[in-house]
Amino acid sequence: MYCETFLDDLDTRDMSAEARLCYMLWTSLADGDRLPRLADLWARRATGGPDYWVILRPLSDEEFYYDYFGEAVAAAFGIDMTGQTTRTLEPDVRGVLNKLYDLVVRKRRPALAVHRASYAVEVHHWERLVLPVLAEDGSLRLAIMARPREMLKDLLNAVMLASPVGIVTFQAIRNTTGEIVDASVSTMNPKAETFTGRRAADVVNKSLLGIYPTLVAKGVWKRYLRVMVARTTDDFDYFDTASYRWFNVKAAPLGDGFLLVFSDTTAVHDALIQLEVEKRSAETARAELAAEIQARRILESELRRISMVDELTGALNRRGLDLAAREAGRRAASNDEPLCVVAMDLDHFKHVNDSHGHAGGDAVLRAVAETMSAEIRRDDQIGRVGGEEFMILLPGCGLEAGWETAERLREAVARTPVQHDGLTIVVSASFGVQELSRAGSVEAMLVQADAALYAAKANGRNRVEAYGAIVVPSDELEWLSDPGTGRDLAYVD
């Protein structure tokens, strides 16, 4: 039972006019800490008579005796409690009211309570002004003005009658195993009668599927069943073929059944159809514009792709590789996965250009890019970052797997001669490998892979070196700068 109790600032609280007059009367009769006499309060009580008054005599902090129970209160609750105690009340109600009354007894101050009456059919919300007073023998009494704030029946009737939407409530029908197999109509408001063309008197207590058997085939019953079983809500549009009208339907669980609220949206649908007819020419123009926009987007996408692709080899260019590396690093960190990069540089490429010209050098670069592309996975990305230098991003690969990939690429390049202008050009390449987790950042990983590549060249070329597993004499390796620390790297170990 819901109950909200106020003990302070009662003169500012929202209460009925009768309750406010009673509170003001009690205040005027109180003399400091001395409570007013019940006889004085009763003799000078506010207008309206004793119908809504209750007089309680405390027996203990868990039991109160009803000396008087007003006629209006008795009518609302369906029982006259005069001569009985609060022990006869339902446990949840008794607990809430006893707590309220005991609070007033202990504090010897008035209290205002607003509560839902779970046991009074006619009244939905009540207010109780509880006033501590003295009987003729000086013992304590509680004078209570109990006034209805909201009449449930009147409220529901007003809502049902005045509602511009159809309202129907249903009670679940279950089989012997407890499974919901149907629902019966409980109530129907006048607007629902208008929409359905059926009188409430003709459908109340009748089977929903008996009245509308097509609900199963149309999938509507399945939605209602889900509302009852899953205790969820639903909202959908429904076309009634009988009346040739559109309805917006909202369903919500209610007790062991559900509540249906629906409104006629035929006019809205008709207006939309008419609007579509009137806009056919505009739609054609929009379609043409959309096609032009799409073509422009494709062109822009192609331009972006071209701006990140090396024209000679079809691999990513330096800008594209940098962007791809940052994105791969972000994904690796987000998914807690390894990332490896392989740096590659053709050996003695200047000799190729000197011997076969730039056309021969270009042929070698294209062929090597194709060879490596055939050896890597679909998700791997290859980029040309310098004249004859490439880098390959290997997502999901650690240092060891990256080294194995680099070794496979080295062998593929070495065993695949390039044919140009009737001549066979044989090339080899050196490789350096580093892993993101070892480098600490994408930028450092790229630089350290490059450092490992230079170590491979210093150690004889046509080989693979992994950063962190190589030792190179300082006089054979150019000094490199680590962007992560700003320190020069003379030894890579």
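1. The lining of the largest pocket divides into 18 nonpolar, four polar and three charged residues (nonpolar: Ala, Val, Leu, Ile, Met, Phe, Trp, Tyr, Cys and Pro; charged: Asp, Glu, Lys and Arg; polar: the others, Gly among them). The model is predicted: local features need pLDDT of at least 70, side-chain atom pairs count only at pLDDT 80 or more, and totals for chains, interfaces and linings use all residues. Residues are numbered from 1 along each chain as its sequence is written, and side-chain values use heavy atoms, without hydrogens and water.

2. This pocket, the largest, holds about 510 Å³ of space. Of its 25 lining residues, T196, Y212, L215, Y238 and D240 lie nearest the centre. On a 1 Å grid over the protein atoms alone, a pocket is an open set of points with protein on both sides within 12 Å along at least five of seven lines, a cavity is a set where a 1.4 Å probe fits but cannot get out, and lining residues have an atom within 4 Å of a point. Points are joined across faces, edges and corners, and a volume is the space filled by probe spheres set on them.

3. There is one cavity of 30 Å³ or more. The largest cavity has about 30 Å³ of space and is lined by A367, V368, T371, V413, T416, V418 and V427. Helix α14 gives the largest share of that lining, three residues (helices are DSSP runs of H or I, at least four residues, numbered from the N terminus). By class, five lining residues are nonpolar, two polar and none charged.

4. V368, T371, M372 and E375 of α14 meet R408, L409, A412 and V413 of α15 (contact: heavy atoms within 4.5 Å). This contact has five nonpolar, one polar and two charged residues.

Notes
Helices (H or I, at least four residues) and strands (E, at least two) are DSSP runs, numbered from the N terminus.
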